[in-house]
Amino acid sequence: MMKTSFDVCYQHVRQHMKSHSSMFLSILQNPENFTLKGNQALVASASPDTMTHKQLTTGHVVAYGPLGRRILMTDPEGHPLHECEWGEHADGTVHLVSARLYLDWGQWVGLKPGGLVNAMKLDLTTRPNWRTLTRHDLRVMASRAMGVAAREVEFFYADDDLVFDGTGHATVRQRKDAFYVLEDGTWERARFMSCMSAMHWASIDYLPVVELFKSLLPGTGSAAFELIRGLYDDQNPHHPGALQYRGIPTYPSAAAFGLFSNFFTATHRNGENPFSVFMDPPRSHEVDWLPHPHPPVRYVNPRQRICLTVKQGNVLKVTKTDDASGLPFVPPNQQGFVPCGKRLAVASGHLLLNDHKTAHKIALQAAWGISRPAERQAGDQAVVNKGHSWEGFFSDDVPAVSPREAYSAVLLYPEDETPIDDLASQPFVADFLTDFIEQDQRLAVQVGQAAHVLVHGFDGVIGSFLAFDRPRSTTVVYSHGAYAQKHAQSAWNQLTGNNRLAWQKSYCFRSEEAFHYGTSTYDLMYVWLPFASYDGEATIQDRLRRISEALRPTALAFVAGPDSLSSIVAGLPLEIVFGDLVSHLQPFRMHKSILPKATLHPRLSVWGFQKA
């Protein structure tokens with residue numbers, strides 16, 4: 001059998017890296033570095049014949065197992081950044097069993113290749129000559145139904161994914177790689193987070209985009225591409241070829257382009273602007289991505305409780321694991337803007353981290369390879385007190401949020417039939433209302449003219465209901481401090497980025513405990529009634545009465561609540577504008593195209609009321 005370039009590279013590594021340095025030995029002896037079961041057994045019996053390693057020019061260490069595949073990457077001090085477990089099929093082919101990725105703020109996430117499998121049953125007996133249909137015919141039918149090229153269907157659907165039962169019925173399996181939150185850093189307590197099209201991990205041949213991207217814990221995308229780029233370099237040591245973005249369907253975005261660009265360089269064979277081509281879904285695959293000679297690298301310093309990302313001598317960001325804001329420090333952009341005022345500078349041999357509350361001065365380490373200063377330049381929008389920071393949105397005390405709660409404030413969805421909880425159900429309502437109001441000119445005008453707005457209970461999607469076109473009195477009532485904080489930070493960035501921070505005083509975030517109906521009236525209300533209240537008809541009646549009393553004449557209230565509201569509202573001066581089960585609406589149907597087993601509370605409905 002001819003040796004592949006990977007085999008040659010592996011032999012080269014074995015010949016030159018059998019001498020285990022003290023650093024490598026300490027990496028092997030640290031039980032926290034290896035939690036994947038196959039690797040634990042492997043390391044327990046490690047020897048120069050089964051384990052090799054290499055040290056990158058940045059000082060990072062990569063360990064390889066007996067199959068010649070990387071099983072661990074650490075920073076120069078031995079802190080693990082990702083771990084991989086590999087297996088071997090009966091035919092000798094190598095496959096990735098699972099991986100885990102370290103996030104900047106201390107959380108681990110897991111990757112399970114093929115961890116999510118959706119099966120679709122097809123009845124082919126209604127088609128003429130169904131007995132002669134082949135897998136190729138199925139792929140052609142699928143390409144027509146999905147509006148994609150047949151080669152894409154062939155790329156993502158292997159023969160094993162298309163099964164005929166001999167009676168005119170077929171099963172089409174769609175395999176996806178799944179991401180999980182590893183609560184304690186191991187697979188013992190794993191919770192589904194998101195997914196992406198199945199990668200060929202043993203031979204990286206395309207670039208993916210993660211689905212359910214709003215559910216990603218911060219840093220997941222960069223950590224995943226750190227792994228992808230590492231495996232790609234292992235597999236292409238001498239003549240790296242170009243990769244393309246592929247997917248069914250494709251989801252190009254500016255964020256995806258920026259993430260790709262950190263690790264690869266975009267080109268277009270005809271000289272067109274790669275970004276413009278990439279953002280055109282039918283043409284996204286035309287952009288060629290070649291490995292950037294200097295991809296970003298991460299360094300972890302537990303003593304200072306920081307993780308920093310460096311690229312070509314520049315610090316891109318610094319994350320403090322004990323920062324309750326849940327945000328990294330970054331250098332100003334060309335306009336001098338820094339998200340939420342979390343400012344990073346490099347001067348006089350130190351990292352300087354500043355926000356409106358704290359200042360940190362951290363001595364640079366030579367191992368970090370920081371050779372370029374991050375200027376404390378132009379447009380220094382230093383925030384000097386709470387009133388000018390994102391905390392100024394909170395009329396009372398800023399919610400008490402732990403760092404882990406702050407970084408973890410994303411909406412997660414079950415991969416099975418477990419009903420989606422209150423918070424994670426809210427985007428389906430918010431997305432529907434946004435589209436519904438835009439399509440109804442009368443409603444759009446009335447919503448746009450509203451001067452006094454209440455957003456109550458929609459903690460997961462507060463930002464969807466905040467308007468920034470002009471100052472208007474907006475009260476946000478929340479129960480989940482971490483989510484309220486996250487949306488206040490986003491609102492601050494939008495106002496500051498558009499030079500409208502003076503409008504901040506128009507928005508008031510108040511805790512559920514500090515809010516009472518009857519103190520104000522509103523032109524527009526968005527109210528979420530919790531699932532736990534659905535069986536208490538008296539409670540629902542009282543809540544609707546309070547909503548009615550708080551509405552000004554002809555004002556609108558959009559309420560997410562049980563399907564029984566149409567009868568409960570009788571006797572109140574409220575006219576029903578519309579009402580429907582959320583499970584019937586397009587946003588949830590779109591979600592089910594990703595997670596077909598997804599289940600909502602069966603009574604969750606969205607209603608529009610107008611004060612009579």
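The following exercises, each with a worked solution, concern selected local features of a predicted model.

Residues are numbered from 1 along each chain as its sequence is written, and side-chain values use heavy atoms, with hydrogens and water left out. In this predicted model, local features need pLDDT of at least 70 and side-chain atom pairs count only at pLDDT 80 or more, whereas totals for chains, interfaces and linings use all residues.

**Exercise 1. Determine where Asn 118 lies, whether Asn 118 is buried or exposed, and what its side chain reaches.**

Step 1. Asn 118 belongs to strand 6, residues 108–123. Helices (H or I, at least four residues) and strands (E, at least two) are DSSP runs, numbered from the N terminus.

Step 2. Asn 118 counts as buried because its relative accessibility is 11%. Buried means under 20% relative accessible area, exposed over 50%, and partly exposed in between, with a 1.4 Å probe and protein chains only.

Step 3. The side chain of Asn 118 reaches the backbone oxygen of Ile 594 at 3.3 Å.

Step 4. Not counting residues up to four places away in sequence, Asn 118 touches Val 172, Arg 173, Gln 174, Lys 176, Ile 594 and Pro 596; contact means heavy atoms within 4.5 Å.

**Exercise 2. Examine the backbone at Pro 249, Leu 212 and Ser 348.**

Step 1. The peptide bond from Ile 248 to Pro 249 is cis, with omega near -10°. Pro 249 is in the loop between helix 6 (220–235) and helix 7 (254–263).

Step 2. Leu 212 is not a glycine, yet has a positive phi of about 50°. Its place is the loop between strand 9 (190–197) and helix 6, and Leu 212 counts as buried because its relative accessibility is 13%.

Step 3. Ser 348, likewise a residue other than glycine, has a positive phi near 55°. Ser 348 lies in the loop between strand 15 (343–347) and strand 16 (350–354); at 72% relative accessibility, Ser 348 counts as exposed.

**Exercise 3. Describe the largest cavity and its lining.**

Step 1. On a 1 Å grid over the protein atoms alone, a cavity is a set of points where a 1.4 Å probe fits but cannot get out, and lining residues have an atom within 4 Å of a point. A volume is the space filled by probe spheres set on the points, which are joined across faces, edges and corners.

Step 2. The whole structure contains four cavities of 30 Å³ or more. The largest cavity holds about 140 Å³.

Step 3. Its lining has 16 residues, of which Phe 156, Gln 174, Ser 197, Glu 211 and Ile 248 lie nearest the centre. Strand 8 and strand 9 are the elements giving two or more residues to this lining, and strand 8 gives the most, with three residues.

Technical notes. A polar contact is a pair of N or O atoms within 3.5 Å; within protein, one must be able to donate a hydrogen and the other to accept it, and residues adjacent in sequence count only if both atoms are side-chain atoms. On a 1 Å grid over the protein atoms alone, a cavity is a set of points where a 1.4 Å probe fits but cannot get out, and a pocket is an open set with protein on both sides within 12 Å along at least five of seven lines; lining residues have an atom within 4 Å of a point.
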